[in-house]
Amino acid sequence: MFEACTPREDVLIGELAEDQFAASLADVAHSNDAPAVYADPKLFFEKTYPTDGLQELLGRLATRFVSYQDNEYSGTNGVLRLDTSFGGGKTHNQIAAYHLAEQPEAVPDLSDFVGEEETADAYSDSAALGLDVNTAVFVGTHVDATSARCDYTDPNAPETKTMWGELAYQLFGQEGYEFLRENDEQQSPPGSQKLERLFDRHSDPSLILIDEIAAYLEQTAAVEVGDSTLAKQTNTFLMSLLSATQNTDQLTVVLSIADTAFHDRAEDVRGLVSETISEFNSITDRTEGSITPTEDNEVASVLRHRLFEDVPKSARTSAADAYASFYNGDRESFPESATSMEHRERL
């Protein structure tokens with residue numbers, strides 16, 4: 001192996017721990033506990049393979065951010081759904097989106113990750129001219145039903161009770177929270193018009209990243225709010241929030257929805273997102289709102305990029321040929337598929 005390719009330094013010295021493959025969006029956004037490979041945007045992108053889904057996500061975000069600053073409208077969908085099974089790369093993509101919005105200058109080669117050099121240049125130019133994306137991160141497993149506060153490293157953060165109160169504070173600070181304070185304290189979701197007024201008070205585009213929403217809805221289903229529950233109130237808020245993304249690049253919402261133990265809750269959110277996307281597509285057919293972060297045929301490339309500095313094509317070919325020869329030399333010990341040309345191509 002060492003004659004054919006070079007493992008990354010953290011692999012060679014034994015620093016690549018298994019838990020480093022379990023990314024935490026909440027740790028990156030709301031604490032100082034995230035490993036450097038996730039917390040440091042430069043290091044993160046150096047060790048991230050640009051899958052088609054990641055390029056689509058970041059390219060869509062960059063396009064929307066630039067269009068809003070230029071007082072134009074991209075015509076793209078402002079609701080992006082990362083719909084995967086567990087381990088499908090959704091959290092990694094959310095972290096990439098967070099870093100893109102927060103520190104675009106830290107991305108080593110932006111064009112590798114947004115798909116088109118023209119888009120990368122436009123976003124870099126906009127960032128240099130003062131584009132500052134408001135970001136908020138809400139991870140359902142990071143909070144509980146009685147407290148939505150996400151960042152305990154911020155001594156000024158209010159003790160928010162709802163998703164909408166927490167997002168308002170993260171996006172726009174105390175001013176944003178005061179605008180929705182009554183809604184937060186009474187656990188009553190703001191309507192779409194009030195949300196639009198909140199966003200209209202600020203000149204930069206906003207990005208909201210929501211992860212593990214099904215787990216949060218499961219918790220809040222036990223909290224009574226009048227004749228309703230906090231889960232139902234949260235669903236009502238989500239409908240208003242998603243509606244606020246239509247026909248504008250001012251707000252983009254990225255939700256990751258995985259099939260977990262809370263399947264029914266996940267389906268509820270999928271329904272809300274699908275309804276919003278359907279309404280949007282009745283106006284324009286330009287874009288779809290669902291993104292697959294990592295396709296099955298990209299997994300090997302993702303791992304190769306993370307483990308090795310470089311694997312030359314000649315080395316890959318030699319290794320695949322050697323395995324193919326080994327299988328063909330002992331056909332009785334292996335299934336017929338192992339000796340096929342298709343299997344060699346997979347290798």
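Start with the whole protein chain and its contacts (heavy atoms within 4.5 Å): of those with a separation of 6 or more, 71% are between residues 24 or more positions apart. What you have open is a predicted model, in which local features need pLDDT of at least 70 and side-chain atom pairs count only at pLDDT 80 or more, while totals for chains, interfaces and linings use all residues. Residues are numbered from 1 along each chain as its sequence is written, and side-chain values use heavy atoms, with hydrogens and water left out.

Next, colour by secondary structure. You will find 16 helices and 9 strands; these are DSSP runs numbered from the N terminus, helices being H or I with at least four residues and strands E with at least two. Of the 347 residues, 51% count as buried, where buried means under 20% relative accessible area, with a 1.4 Å probe and protein chains only.

**Stop one: the cores**

Select Leu58, Leu61, Tyr123 and Leu207. They have the most contacts inside the largest nonpolar core, which has 37 residues. Such a core is a set of buried Ala, Val, Leu, Ile, Met, Phe, Trp, Tyr and Cys residues joined through side-chain atoms within 4.5 Å. Another core, of 36 residues, lies apart from it, and includes Val143, Leu167, Leu171 and Phe237.

Return to Tyr123 and show its neighbours. Leaving out residues up to four places away in sequence, Tyr123 touches Ala62, Phe65, Val66, Leu100, Ala101, Pro104, Leu110, Leu131 and Val133.

**Stop two: helix α6**

Select residues 90–102. Is this helix mostly covered or mostly open? α6 is mostly covered, with 11 of its 13 residues buried. Among the buried ones are Leu100 and Ala101, both of which Tyr123 touches.

**Stop three: a pair of helices**

Show α11 (residues 213–220) with α12 (residues 230–243). Their axes come within 7 Å and cross at roughly 140°; the axes are lines fitted to C-alpha atoms over the stretch in contact, and angles run from 0 to 180 degrees between N-to-C directions. On the α11 side, the contact includes Tyr216 and Leu217, and on the α12 side, Thr234 and Leu238.

**Last stop: His202**

Look in the loop between α10 and β4 for His202. At 17% relative accessibility, His202 counts as buried. Among the residues that His202 touches are Tyr68, Glu175 and Gln250.

Methods
Buried < 20%, exposed > 50% of the residue type's maximum accessible area, 1.4 Å probe, protein only.
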